[in-house]
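Visitor: I would like to go through this model term by term. For each label, please tell me what it rests on.

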Amino acid sequence: MKALSRREFLASTTVAAAVGLSAPALAQGAPRVVVVGGGFGGASAARALKQADPRIAVTLVETSRTFTACPFSNLVIGGLRELSAQQFGYDRVAAGGVEVVFATATGVDARARRVTLDSGAGLDFDRLVLSPGIDIRWNALPGYDEAAAEKMPHAWRAGPQTALLRRQLEAMEDGGVVVMAAPANPFRCPPGPYERASLIAHYLKTKKPKSKLILLDAKDQFSKQRLFQNAWKELYPDHLEWVSLSNGGKVTGVDASTMTLSTDFGSHKAAVANVIPPQKAGRIAEVAGVADQTGWCPIDPVTFESKLVPNIHVLGDATIAGGMPKSAFTANAQAKICAAATAKLVAGEQPEQPKLINTCYSVAAPDYGITVAGVYQPVNGVLTEVQGSGGVSPIDAPRSARAEEALYAAGWFNTITGEVFG
Amino acid sequence: MRATSFPAAVAVVLASIASEAAASPVAPAGASSCTGCHAASPGVDTPIPRIAGRSAAETVAQMQGFKTGQRKGTVMDRLAKGYSDAEIQAIAEWYAQQK
Ligand SMILES: Cc1cc2nc3c(=O)[nH]c(=O)nc-3n(C[C@H](O)[C@H](O)[C@H](O)COP(=O)(O)OP(=O)(O)OC[C@H]3O[C@@H](n4cnc5c(N)ncnc54)[C@H](O)[C@@H]3O)c2cc1C
């Protein structure tokens with residue numbers, strides 16, 4: 001649709017009044033939606049909003065000019081892929097009519113409907129969409145602060161941390177002990193620590209066979225557990241040891257100067273340590289008042305509007321989304337639903353009842369893929385899995401099926417990053 | 001549509017909104033998640049079968065095969081079971097219109 005002329009703007013404002021559309025949305029002419037965070041949720045939402053209704057003025061605020069994707073970053077750590085294959089820019093997003101602003105949002109005035117940026121500029125909105133991903137809870141694990149992360153990387157936000165962990169593994173002498181710490185729920189990408197453990201074990205087995213990985217876990221149960229454990233037994237019997245919560249796996253503190261991780265049962269000295277720390281919604285969620293005391297954001301499952309602050313929608317990892325895990329697939333699926341609903345809301349229409357999918361592919365080795373899949377819909381205000389659907393890859397599937405799923409995993413990555421950035 | 005009772009300029013706007021909606025690339029609620037794996041637009045390097053532009057009848061038949069368990073898949077059998085016949089029909093019709 002062509003840009004509306006001033007006369008048409010005035011006319012559409014008249015229509016708005018006549019059919020009872022929300023006055024603020026059309027007061028300035030085109031409705032304005034600001035999206036903060038240009039990751040899987042935010043960039044998807046900005047694009048989908050523009051597609052849903054080209055009249056909406058969509059502004060995407062993102063700190064970095066280059067987005068580095070976490071999915072498949074465990075392959076980078078395992079030496080099987082380059083970090084550059086994880087990186088995407090915003091040229092195509094901008095070409096679709098989204099105004100992309102490279103800045104960090106530092107303030108939200110929900111009442112004045114204004115976002116402030118670190119540049120000092122302000123952006124007015126009719127509706128705001130936040131998809132800021134996660135922040136680390138520094139020091140929630142005693143000893144683990146930003147300085148410690150330079151010695152014991154988390155690599156839970158992809159980029160320099162990913163490269164650092166890979167370099168440390170490459171520099172380690174054969175025979176070294178790698179120690180990983182996995183957090184309690186909830187956290188970004190539930191199967192992620194186990195995929196990473198698999199691919200580090202793959203690296204050790206193929207490049208440093210006298211070395212070993214110990215995975216210390218604050219849980220007794222985890223995503224795709226039987227599938228992962230079967231893969232480990234088959235592929236890495238000598239290279240990967242998982243220590244559950246009940247067996248003393250919960251890390252209670254770290255000391256980066258001595259490369260030591262402590263548990264209630266003792267301590268582990270590491271040649272390389274990967275600490276996946278406790279997390280919370282990205283900081284701007286707290287600033288905007290949409291995070292609750294858990295650190296995450298309760299949302300309405302039809303519109304993804306915050307349950308705490310009206311006119312602010314939250315997506316992706318930052319949300320409390322019922323049964324949906326914190327994944328890139330989820331963030332992208334939620335973004336499309338939120339965009340369609342937001343386009344309806346600014347036009348004064350009723351959003352549709354949504355149905356969403358999540359599928360997390362994990363690779364336990366380059367030719368060994370497994371999935372967990374689910375279909376979700378709101379039930380009593382909570383995103384709930386549709387009965388009889390979803391679940392994990394069959395436990396007894398032949399290796400040929402694992403190989404097929406590994407190929408599909410790569411296809412999924414190309415498809416989703418194409419939809420978000422391509 | 002109540003456009004007839006509005007002045008001409010308004011009717012033009014409403015008509016253009018309506019035609020925009022008809023050509024809208026927005027997927028029905030269930031379909032928007034499918035595009036995470038089955039791209040709506042061409043040119044993606046993936047072994048996941050392309051279903052955009054395929055006849056609705058064919059997509060419906062395949063989805064029903066997965067749903068009833070007649071056809072095995074790595075993941076589609078698990079996903080198809082989450083959709084009603086009406087949803088499958090609407091999604092198939094939307095994909096048939098994509099190129
Ligand atoms: C090792 C690992 C492996 C993973 N593998 C998979 C996988 O195989 N499949 C899968 O589906 N998911 C996977 N995930 C999870 C996936 O990365 C996240 O769930 C996904 O990125 C969430 O999307 P999001 O939009 O919520 O956040 P993000 O994608 O992190 O995007 C947030 C963006 O917001 C920006 N931002 C934050 N605050 C501000 C601000 N105030 N102003 C401006 N910009 C801001 C950030 O710079 C960032 O670009 C993995 C994660 C990890 C760590």
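Guide: One definition comes before the rest: a helix is a DSSP run of H or I with at least four residues, and runs are numbered from the N terminus. By that numbering H11(A) gives the most to the shell around the ligand, namely three residues. The model is predicted.

Visitor: What makes a residue part of the surroundings of the ligand, and how many are there?

Guide: A residue is near the ligand if one of its heavy atoms lies within 4 Å of it. There are 34 residues around the ligand, and the closest are Gly41(A), Glu62(A), Ser131(A), Arg188(A) and Asp317(A). Helix H3 (40-52), strand E2 (57-62), helix H4 (73-77) and helix H11 (328-346) of chain A each supply at least two residues of the shell. By class, the shell divides into 17 nonpolar, 12 polar and five charged residues.

Visitor: Why is the ligand said to lie between domain 1 and domain 2 of chain A?

Guide: Domain 1 (24-63 + 103-137 + 279-352) and domain 2 (146-278) of chain A both give residues to the shell, so the ligand lies between them.

Visitor: Why are strand E13 and strand E17 of chain A called edges?

Guide: The open sheet has four strands in the order E13-E12-E11-E17 (chain A), with parallel pairing. Strand E13 (240-243) and strand E17 (272-275) each have a single partner strand, so one side of each is left without a neighbour in the sheet. The twist averages 15° from one strand to the next. Strand E12 (residues 212-217) of chain A is joined to E13(A) by four bridges, and Ile214(A) stands opposite Glu241(A) in E13(A).

Visitor: What makes strand E14 and strand E16 of chain A the edge strands of their sheet?

Guide: Three strands form this open sheet in the order E14-E15-E16 (chain A), with antiparallel pairing. Strand E14 (251-255) and strand E16 (266-269) each pair on one side only. From one strand to the next, the twist averages 20°. Strand E15 (residues 260-263) of chain A pairs with E16(A) over four bridges, and Leu261(A) has His268(A) as its bridge partner there.

Visitor: What is the omega of the peptide bond from Asn185(A) to Pro186(A)?

Guide: Omega is near -10°, and the bond is cis. Pro186(A) is in the loop between strand E11 (177-182) and helix H8 (192-207) of chain A.

Key. Residues are numbered from 1 along each chain as its sequence is written. Chains are lettered from A and ligands numbered from 1 in the order in which they are written. This is a predicted model: local features need pLDDT of at least 70, side-chain atom pairs count only at pLDDT 80 or more; totals for chains, interfaces and linings use all residues. Side-chain values use heavy atoms; hydrogens and water are left out. Two strands pair if DSSP finds at least two bridges between them. Axes are lines fitted to C-alpha atoms, for helices over the stretch in contact, and angles run from 0 to 180 degrees between N-to-C directions. Ala, Val, Leu, Ile, Met, Phe, Trp, Tyr, Cys and Pro count as nonpolar, Asp, Glu, Lys and Arg as charged, and the others, Gly among them, as polar. Domain bounds come from an automatic or database domain assignment.
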